[in-house]
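Subject: A structure for you to look at

Hi,

Here is the structure I promised to pass on to you. Please open it first, and then read my notes below.

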Amino acid sequence: MTTADYKKEIERLKKEKNAVILGHYYQIDEIQALSDFVGDSLALAQEAQRTDASIIVFCGVHFMAETAKILNPKRKVILPDVNASCSLAESCSGADLKKFKEAHPDHIVVSYVNCSAEVKAESDLICTSGNAEKLVNALPKDQKIIFAPDKNLGGYINRQTGRNMLLWNGVCTVHDALEAENILKLKAENPDALVIAHPECNSAVLAVSDFVGSTKAMLGYIKSSEKKKFIVATESGILYEMKKNNPDKKFLTVPSGENCACTDCAYMKMNTLEKLYLCLRDERPEIILSDDIIERASKPIVKMLEMSKELGIIK
Ligand code: SF4
């Protein structure tokens, strides 16, 4: 089948099966173009919660599709490639986090949404990169906190809030691999460019950045900025949306080595048009979670959504 055939078939099957395609900003351009809704983790979680489509096709990674199932368990949730995982999700198992919690019984657990359903079930509150700082700030000042699984995001939130959260030792291998030295070199060659970075980057990269924020915050920052050139320290898929919204602006990705496309998340790029077509046609692979996990994991996610509304982060 040609690319055009896949696109036509995907559109046809989507209507026939009353399916909605939710696509993350890090998906390949063709999948973003076919998605009914494109967004970051928080926006996609909200969309998954409110949809009344019979099938949610989640074009992202496994933990995101799990979050959709947890928030809307009556829907069938499928994703094009069941092996589309995440280095952060893999760095922390529910059983290991449970042991860590038992060793620190006076701490609550705040987990970044990039974690498995089992880890969410062991957490007291979930956050995204877009709301983490405000949510942590809203917790009582003397509350001891374990932050899992991203030590870079946790370290950034510690610095922003003056907290001393205990950090799980996980990283996003895509963001953590970006080097401040390469950014400074690119900046020297492009002195008119602003450096914008995702808080999953290491602290050296964040220290040389002009703006640090979630995917959505970065998009908003670029749109409102009068600058015309940006060095983007995050996953390369976001360039599709950046270019689409700002055709007059130029975007540079951070080089990470010869012949290395390290700003591509290999997990995110596992989803292809062919796999999207096959998963819609066959309605699998499907996300199946036990009632117990859904019940326990939904509490900290719902708490996040409620607190985000109370704090005016989302509507
Ligand atoms: S970019 Fe990083 S955090 Fe996002 S899915 Fe890939 S490995 Fe996980």
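The domain bounds used here come from an automatic or database domain assignment. This is a predicted model, in which local features need pLDDT of at least 70, side-chain atom pairs count only at pLDDT 80 or more, and totals for chains, interfaces and linings use all residues. Residues are numbered from 1 along each chain as its sequence is written.

Let's start with the domains. The protein chain splits into domain 1 (3–85 + 268–284), domain 2 (88–171 + 296–310) and domain 3 (178–253). Between domain 1 and domain 2, the C-alpha centres are 26 Å apart. Across their boundary, 11 residues of domain 1 are in contact with 13 residues of domain 2 (contact: C-beta atoms, placed from the backbone, lie within 7 Å). On the domain 1 side, helix 3 and helix 4 are the elements that give two or more residues, and helix 4 provides the largest share, six residues. (Helices are DSSP runs of H or I, at least four residues, and strands are runs of E, at least two, numbered from the N terminus.)

Helix 3 (residues 41–50) has the buried residues Ser41, Leu42, Leu44, Ala45 and Ala48. Buried means that 20 or more other C-beta atoms lie within 10 Å of a residue's own; with 12 or fewer it is exposed, and in between it is partly exposed, with C-beta atoms placed from the backbone. Seen down the helix 3 axis, these buried residues fall within an arc of 165 degrees, so they line one face of the helix (the arc is that of the directions from the helix axis to the C-beta atoms). They pack against strand 1 (19–24), strand 2 (37–39), strand 3 (55–59), helix 4 (62–71) and helix 16 (291–310).

Next, the ligand. It is surrounded by 13 residues, and the closest are Cys86, Ser87, Cys172, Val174 and Cys265 (a residue is near if its C-beta atom, placed from the backbone, lies within 6 Å of the molecule). Helix 5 (87–90) and helix 10 (173–176) each supply at least two residues of this shell.

Is phenylalanine 211 buried or partly exposed? Phenylalanine 211 counts as partly exposed because it has 15 C-beta neighbours inside 10 Å. Leaving aside neighbours within four places in sequence, phenylalanine 211 is in contact with Leu194, Ile196 and Tyr221.

Enjoy exploring!

Definitions and conventions: Two residues are in contact if their C-beta atoms, placed from the backbone, lie within 7 Å.
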